[in-house]
Amino acid sequence: MQTVKDLRDSFLGYFRERGHRIVPSSSLIPKDDPTLLFTTAGMVQFKPMFAGTVRLDYTRAASVQKCFRTSDLERVGKTRRHCTFFEMLGNFSFGDYFKKEAIEYAWDYTTGVVRFPAEDVWVSIFEDDDEAFEIWSRHIGVPERKIIRLGREDNFWGPAGDSGACGPCSELYLDRGPDFGCGSPDCKPGCDCERFLEFWNLVFNQFYQDETGRQTPLPRTGIDTGMGLERLASLVQNTDSIYGTDELKGMVDFVCREAKVAYEGENVAPVNVLVEHSRALTFAISDGAYPSNEGRGYVLRRILRRALRFARQIGISEPFLYRMVDPLVKEMGGHYPETASGAPNVKKVLEGEEKRFLETLENGMDRLEESIKAARAGGANLLSGRDAFVLYDTFGFPLEMTIEMAEENGVSVDTAGFDTEMEKQRERGKQSWKSGETGSEKLFEAISAAAGPSVFLGYDENTAASELAALAGPNGLTKKLVSGEKGLLVTRESAFYGESGGQVGDRGDITGPGGALFRVDDTKKINGTIIHVGEVVRGEFSEGDRVTTGIDLLRRNLTRANHTATHLLQAALRKVLGDHVHQTGSLVEPERMRFDFTHFKALEAEEIAEIERIVNDVIWTWRPVETVVRPLEEAVKMGAMAVFDEKYEDMVRVVSVKDFSMELCGGTHADNTGKLGVFKILREASPGAGVRRIEAVTLKGVLERFGAQQEILTSIASELNASEQELARKVHDALERARGLEKQMEKMKKESLASNIDDILESAIDVRGTRMVRHQPQKADIDELRTVADLVRSRLQNSVVFLGSENEGKAVLLCAATSAAVTAGIDCGAIIKKAAPLMGGGGGGRKDMAQAGGKSPEGLSGALDEAVETAKRMLSR
C-alpha cells in the first residue's frame, strides 16, 4: 500500500526528475497578500511570479502546500472528504511549459506512478477549450466520450483571493464504478453522485484578474495544478473516507480510545471533527495564527469551539484538543518539523482556549436549547437575532455555530437581527483585511521594472559611486528631476539600505554633476530594486548621470546596533521562555527597536530582568558579530534561525554571535556586541492574541531615556525640596499624608450624608404602601449614592430610592429597593433601562439594585422623573 508519505515523496521525486525546483510549503499565513486570511491553494506563494512582478530564479516548480479553507466548515466531519486543513500537491510553470506538457505529466504520474487504470480515468475541460480537447484525445489517447466539456463554474479557476492569475482548467476524475453511482445511464463527471471523483485540477493560467474583475493577458502563461493529498490517498488506499487513510486513521484511533467510543453510527461525525479540527488548529497556530475575535483569529476560535461542541456529543467535557497535538506530530512531524518544534506552545494555547470556552459551554447549550424550543413554539421556526447575539456575546458561541446547531433542529436564525444587535455593541470579529494598491505603490513597481535589481554595497561601504538607472517624479517615470522636485532615484549600485526585514531605510545624500544634491529621506526595496525617496535640493539629475550615494553614518550606526540587539533579544527570550519563541515581526530604527514574538502570556518582571541581564552580559563581553554567505540549505543545516515565513534567496547571509545566536538576516549589524553599549527594555505588551511585543533601546536611546527620567527626577526633587537621595522617603511621606487626608475627607463626606438623611426621608411619598424617595445630591459618585441608598433602606423597610448626581461632567443614576418593595412589584433593572436613555446613557442590574451612567448630565432630572413614574406604574398593576 502506498502511504501518505509515499505519495508526497513520489510526487516531489517525479517532478524533481523533470527539472522542477522543489519549493517548501509556505506558511498558512500569506505573506504580503492582504486579500487572503489564509493560504488557500498551492499557487498563492507564486502569485507574483504568475503576475510577472518579480525576477524568476526558476521557471518550473513543485510543492506540497499546507492549505486552509473554511467555505464548507459546516460540512467538515459530516462528509467523507471535506477539510479545513489539507495538503495540496502541485506543479507549476512560469512561462516555461503549457498545456501539452502539463497534461502529459498529469497522465504519466496518474497512470504510471500512482497506477490508476487508464480506462478508469476521465477528464473534464472548459467548454470552449478545443486545444485541451485535442491534446487529451489525439495526443494522450483518451476516448472522446470520456472528455467532458463543462462551464465556467466548474472548469475556470481563480484567482486565489480578490486578484491574481486565472484561466481555464482541466480536471482528472477516477471512475469508481456503478456501485457508487446514481444509476443514471448519463452519469459522468459533473454528476453529484459519488461515482466520479475529481482528484487533480490542471489550471492553464492565461489571464490576470484585478480587484474589479477585469481580466488581462498575463505577461507569460503558466501552469498551476492542484491535487488534494488526502483525497488522492483515499483513492489509492481504497478507503471509505479520508479519515481511513494511514495518517488520519491513527488520530481516529486515538480519539476513540481516549473517549472510549466505537467509530460507528452517531460517533463518526464527532470523531471526524475532533481529528480534522485539531489538525487544522495545530498547523495554523504553529504558523503563528492565534485564536482571537478578529480576522483569522476569529476563524480559529470558531473551529475550536465547533470541535468542543462535537466533543460533548461523545462524552468529552474536559479540554481535549491539546492532547491531540502529540499524536498529530507523531504522524506528520517528520514532513512538517514546525509542528514538532511548536508543539509545547500549541498545546498551551489550545488548553487555555478550551478551558475558557468550556466554562460557558454548558450554560450556553442550555440557553440555545431554550431558544430553539421558543422558536418552535412561536410557529415560525426562527431563532431571533437577539438570542443569537446573546449566545455570541455572553456564551462565546460564534454565529455560524449557532446556525449549524439550529439547522440540525429544523430552525433558522434571524441573521439580520443578529447584525443589528452587533451594531449596538462594540464590533467584534471585524475583518478589516482587504486593501488596494495605492498610486505610490504603483510608482514604486514601475520604477523597479524600469531599473531592474540594484547592487547593495552598504555592508562594507558608506559611499558608493554609480550610474542613475531610473528616475520618477509625482507624475510617473521621467528622464530628469530639477531643484525643488520630489521624486525617486535608482542607481545601479548603492550604499543605502532599503527598508526590509523590519529595518528602516537609510537616509543621506546623493551628489551628482555640477554639485547637484538629492536629499534622501527614506529608502525602499522593491523586487530587489533599491529606491531612494527624497527631493532635489540643488541642481538637477538625469538618467545616466554618474552620482555618489552617501549614507547618514550616525543614523546607520545607531540602527545597526538596534538590529543586532534584536538577534540577542531573540536568543535570550528562547533561553528564558522556551524554544517555542519565534520572531513574528520587528521594527528597527535608530532610536529604538520593537520585537514581536510568539508567546502565550505576559512576561513576569523577573523574566524581563533575566532577559536584560543575559543580553547585557553578551554585550559587555565584547563578542564578535560574524557574517558569512552560505547556500540556504547549508545555512539551515548549520542551525541558523529564519524569520517566520520570510522569503530567502538561494544564497543567504548568516549573522552569528559565537555560542549564543545564529540567524539568517540581510540587515546591517554591528561587528562587535560591545558596540551596543547597553540594552534596556522599555515595555512589554501584546499586539494580538498569542503574540507579545518588547520595545527596547541601546546607545542613544538609552541616553535619551536616562535624560528624560533625570529631568522628571529633578522636577520632583525641586517640588519636594529634596535631594535625589532623599526623594524616595519624601515621596513615601507625601503619599502617606495624602492617603490620610483622603480617609478624613471620605469620613466627613459620609457623616455629612448621614446627617442629611432625615431631610431626605421627609421628602418620601407613599404609593400603595411603598415609600418612594427621590434625591439629587451634588458631585456624588456611585459609591456615595450606594451609601445613601443603604441608609434609606435601613430606615424604611418598604421603600424604593432614586438617586442621581453629576460628577466630573457625567451623570450617574441609581435605583435601589428593599425586598418588600420588590415583592410589591418593583424591578430596579427595568426602571434604569427605561430612564437611562434620557441622560444619554445605559445601564442595568438586579431587581433590588441597578445603576447607569450617561454623558448628558442635563438630562439627569428628567431621568429621575421617568424612574419615579415607571416605579409608580409598577406598583399600580
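The following legends describe close-up views of a predicted model.

Local features are given where pLDDT is at least 70 and side-chain atom pairs where pLDDT is 80 or more, while totals for chains, interfaces and linings use all residues. Residues are numbered from 1 along each chain as its sequence is written, and side-chain values use heavy atoms, without hydrogens and water.

**View A. The crossing of helix 1 and helix 3.** Helix 1 spans residues 4-16 and helix 3 spans residues 99-113; helices are DSSP runs (H or I) of at least four residues, numbered from the N terminus. Their axes come within 12 Å and cross at roughly 135 degrees, where axes are lines fitted to C-alpha atoms over the stretch in contact and angles run from 0 to 180 degrees between N-to-C directions. The two helices are therefore oblique to each other (angles under 35 degrees count as roughly parallel, over 145 as roughly antiparallel, 65 to 115 as roughly perpendicular and the rest as oblique).

**View B. Residues in contact between helix 1 and helix 3.** Leu7, Ser10, Phe11, Tyr14 and Phe15 of helix 1 meet Tyr105, Asp108, Tyr109 and Val113 of helix 3, contact being heavy atoms within 4.5 Å.

**View C. Cysteine 169.** The model has 0 disulfides, a disulfide being a pair of cysteine sulfur atoms within 2.5 Å. For cysteine 169, the nearest cysteine sulfur belongs to cysteine 166, 11 Å away. Cysteine 169 is buried, with a relative accessible area of 1% (buried means under 20%, exposed over 50% and partly exposed in between, with a 1.4 Å probe and protein chains only).

**View D. Cysteine 182 and cysteine 191.** The sulfur of cysteine 182 lies 3.8 Å from that of cysteine 191, its closest cysteine sulfur, which is too far for a bond. Cysteine 182 is partly exposed, at 45% relative accessibility.
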